[in-house]
Amino acid sequence: MNWLSFIMAGIMVYVAVAVFLAGTTYKIYHWLRTPKSPVRLGMFPRPENSFGRGLKLVKDSIVFPQVLDNDRIMWFFVIMLHIVGLGTFIGHMRMLGEFAPLYNWLGADGMNTLSYIGGGSAGIILLVTVLYLLFRRFKAPYRDISVPEDYLLLMLILLIILLGDHLRFFAHFDVTDYQAYMKSLVTFSPAFPAAIAESGARWVLASHVFTASLLAIYFPFSKLVHFAGSFAGNLVRSD
């Protein structure tokens with residue numbers, strides 16, 4: 001790595017992890033410290049027992065029934081974004097090591113084929129969903145209730161996806177190259193292996209990691225932190 005890629009794909013990763021963990025922890029701590037209202041705020045129909053409240057909490061936090069009731073098209077894209085986004089995050093865990101049972105079943109070639117098809121499909125789906133959510137913001141009445149942060153977040157996520165898609169379809173790195181890079185991060189000695197360092201696509205990877213780090217840093221202070229707050233809010237709704 002030269003000094004610029006060392007900062008973009010090395011130092012920034014550690015800063016992002018630290019800020020993300022500290023910021024999210026502080027947010028959750030702040031929510032827990034907020035005095036509880038003496039008035040029950042659950043919305044009708046209120047579940048009659050703890051099991052019903054737990055079930056409603058999971059349903060409201062994962063299925064988004066309120067969005068489904070108001071806008072079915074919007075609900076479809078939101079669901080796709082969350083499901084495929086989670087799958088993409090899990091797929092990235094392969095850089096830490098192979099999923100042993102799946103690897104033993106499919107073999108190296110089978111895993112690479114699954115990764116290419118699954119990762120490529122996920123990249124396209126994420127691109128379409130984020131483009132929909134972004135262009136939707138330019139149309140009334142959504143334009144009238146949108147703030148600069150809404151556009152900034154979507155464009156940052158879009159850039160991350162575009163860079164990731166470029167790596168998937170045009171940068172022919174082997175998974176072992178990514179694993180070597182990830183191992184260097186875990187051992188606090190960030191470096192690109194030779195295959196990445198000697199490729200022009202190294203700047204695409206560095207930019208992908210850099211923009212993802214920016215998102216992680218901004219995450220605890222943005223609207224995206226709703227991933228944690230939604231459970232607390234929906235708990236109140238079902239209480």
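**A surface patch and a helix**

Modeller: Let's start on the outside: Met1, Trp3, Leu4, Phe6, Ile7, Ile11 and Val15 make up a nonpolar surface patch, with about 610 Å² of accessible area together. Keep in mind that this is a predicted model.

Colleague: Where does Trp3 sit?

Modeller: Trp3 is in helix α1, which covers residues 3-33.

Colleague: And is Trp3 buried or exposed?

Modeller: Trp3 counts as exposed, because its relative accessibility is 64% and the cut-off for exposed is over 50%.

Colleague: OK, stepping back. How many helices and strands are there in the protein?

Modeller: Eleven helices and zero strands.

Colleague: What share of the residues is buried?

Modeller: Of the 239 residues in the protein, 34% are buried. As for the accessible surface, the total is about 14700 Å², and carbon and sulfur atoms account for 72% of that.

Colleague: Now α8. Which residues are buried there?

Modeller: Val175, Asp177, Tyr178, Gln179, Tyr181, Met182, Ser184 and Leu185.

Colleague: What covers them?

Modeller: The cover for the buried residues of α8 includes α1, α5 (100-136), α7 (148-169), α9 (194-197) and α10 (202-218).

Colleague: How far apart are the end C-alpha atoms of α8?

Modeller: They are 16 Å apart.

Colleague: What comes just after α8?

Modeller: Phe188, which takes a positive phi of about 60 degrees.

Conventions: Residues numbered from 1 in each chain as written. Predicted model: local features only at pLDDT ≥ 70, side-chain atom pairs only at ≥ 80, totals over all residues. Heavy atoms only, no water. Patch = residues over 30% accessible without salt bridge, like charges linked within 9 Å, V, L, I, M, F, W, Y side chains within 5 Å. Areas by Shrake-Rupley, 256 points an atom, 1.4 Å probe, with all protein chains shown as cover. Salt bridge = Lys/Arg side-chain N within 4 Å of Asp/Glu carboxyl O. Helix = DSSP H or I, 4+ residues; strand = E, 2+ residues; numbered from the N terminus. Buried < 20%, exposed > 50% of the residue type's maximum accessible area, 1.4 Å probe, protein only. Expected span 1.5 Å × (residues − 1). Contact = heavy atoms within 4.5 Å.
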